[in-house]
Amino acid sequence: MSSALRTLKFPGRIGLGTWHMGSSASQRAREVAAVSHALSVGYRLFDTAEMYADGGAERVLGEALKRFGLARRAELMIVSKVLPGNASRVGTIHACEASIRRLGCEYLDLYLLHWPGRHAFTETLKGFQELWQRQLIRHFGVSNLDLRDMQQWLDAENRVGLNSSSVECNQIYYSVEARGSEYRLLPWQRQHGIQTMAYSPLGQGSLTEHPELRRLARQRDVSAAQIALAWCIREPDVIAIPKSIDPKRIEDNFNAAQLTLTLSELAQIDRVFPPPHSQKPLQTL
Ligand code: NDP
């Protein structure tokens, strides 16, 4: 199972986030149109979760996927997440089945534990194993796990008979203003071949107004959002999943994958958003 799972290859470096979609009936048509627009400009990676609007975001995504056509399902990477409270063996299986029903797709490409909770990792892993055997998920991963959690996760994989490590991705908060993971987690994940998916890469929108990013953006004739995203994905094992329901922003964000920042630009960003080694080391890790 392990070698079959460790083949995760993302379709592109920028995916679409869906948090906050599906919570308002009056916004639904606009949100479905936004996801459809993302599909038409080339997005192939979509991130959602059972938590988002109690399944509402999965329904919005499912509606857009239906319009795109399930014949083209193989082009896509659909990511969803199980809530920690549901992450027992049986609960994980039921949660995944429900997500697949709402999305209207036959399987998930990547299924994540949303964050660590009361259920033992071994239980969640047994659920993931069964889902994989039934071909309901292609890959599994985690989200919001720190280094100690990740080490415990790998121990749990060994206990359920998986070779270390089968987990393929950790989705974490990572942006110019959230660089703590660079201190130990990212190097460790790199060493273990575990890819990183950066969530809230635009600081939930606030970074798009940051004066320093805007200054750098003006010099390159791009947007501050593109600078923030290009920075996030500057290493090949990190991808980012900005959310937007605005067609122009959706395009703007997607095109950030074409932007390579210069060493001088990276140094200027470091001065304003210092990397963690120049701060106090994280004692808890
Ligand atoms: P983002 O950093 O992606 O920012 C989204 C906000 O920025 C929205 O308000 C959006 O508004 C605005 N925005 C997007 N693009 C632009 C742009 N080019 N210019 C100006 N404003 C812009 O925050 P999220 O927290 O949504 O993170 C992205 C995704 O990551 C989520 O949607 C979710 O899928 C995932 N996530 C996962 C978490 C986890 O625990 N695993 C936690 C948080 C997020 P508008 O839509 O109006 O354009």
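At 67% relative accessibility, Asp 54 counts as exposed (exposed is over 50% relative accessible area, buried under 20% and partly exposed in between, with a 1.4 Å probe and protein chains only). Asp 54 sits in the loop between strand E2 (45–47) and H3, and its phi is near 50 degrees, a positive value in a residue other than glycine. His 20 also has a positive phi, of about 80 degrees, although it is not a glycine. His 20 belongs to the loop between strand E1 (16–17) and H2. As background, most residues other than glycine have a negative phi.

A word on the model itself: it is predicted, so to speak of local features takes a pLDDT of at least 70, side-chain atom pairs count only at pLDDT 80 or more, and totals for chains, interfaces and linings use all residues. Residues are numbered from 1 along each chain as its sequence is written, and side-chain values use heavy atoms, with hydrogens and water left out.

Next come the charged pairs. Side chains of opposite charge can pair when their charged atoms come close. A search of the whole structure turns up 17 salt bridges, a salt bridge being a side-chain nitrogen of Lys or Arg within 4 Å of a carboxyl oxygen of Asp or Glu. One of them joins Asp 109 to Arg 73, with the closest N and O atoms 2.8 Å apart. This pair links distant parts of the chain, 36 residues apart: Asp 109 is in strand E4 (residues 108–113), and Arg 73 is in the loop between helix H3 (56–68) and strand E3 (77–82). Both Asp 109 and Arg 73 are buried.

Another salt bridge brings together Arg 234 and Glu 182, at 3.3 Å from N to O. Arg 234 lies in the loop between helix H9 (224–232) and strand E8 (238–240), and Glu 182 in the loop between strand E6 (169–173) and helix H7 (185–191), so the pair ties together parts that are 52 residues apart in sequence. Arg 234 is partly exposed at 29% relative accessibility, whereas Glu 182 is buried at 18%. These two residues also belong to a salt-bridge network that links Arg 179, Glu 182, Arg 234 and Asp 270.

Asp 237 counts as buried at 16% relative accessibility, while Arg 190, at 36%, is partly exposed.

H9 itself is mostly covered: nine of its nine residues are buried. Among them are Ile 227, Leu 229, Trp 231 and Cys 232. The cover includes strand E7 (195–199), helix H8 (211–220), E8, helix H10 (247–255) and helix H11 (263–272), where contact means heavy atoms within 4.5 Å.

H10 also meets helix H2 (residues 28–41). Their axes come within 10 Å and cross at roughly 35 degrees; axes are lines fitted to C-alpha atoms, for helices over the stretch in contact, and angles run from 0 to 180 degrees between N-to-C directions. On the H2 side the contact involves Ala 34, His 37, Ala 38 and Val 41, which meet Pro 247, Ile 250, Glu 251 and Phe 254 in H10. By class, that makes six nonpolar, one polar and one charged residues.

Phe 140 and Trp 153 have ring centres 6.4 Å apart and planes at 55 degrees, so the pair is tilted. Phe 140 comes from strand E5 (residues 137–143) and Trp 153 from helix H6 (residues 147–159). Phe 140 is buried, at 0% relative accessible area, and Trp 153 is buried at 0% too. Both are part of one aromatic cluster with Tyr 111, Phe 121 and Phe 128.

Notes: Helices (H or I, at least four residues) and strands (E, at least two) are DSSP runs, numbered from the N terminus. Ala, Val, Leu, Ile, Met, Phe, Trp, Tyr, Cys and Pro count as nonpolar, Asp, Glu, Lys and Arg as charged, and the others, Gly among them, as polar. Rings of Phe, Tyr and Trp (its six-membered ring) pair if their centres lie within 6.5 Å; planes under 30 degrees apart count as stacked, over 60 as edge-to-face and the rest as tilted.
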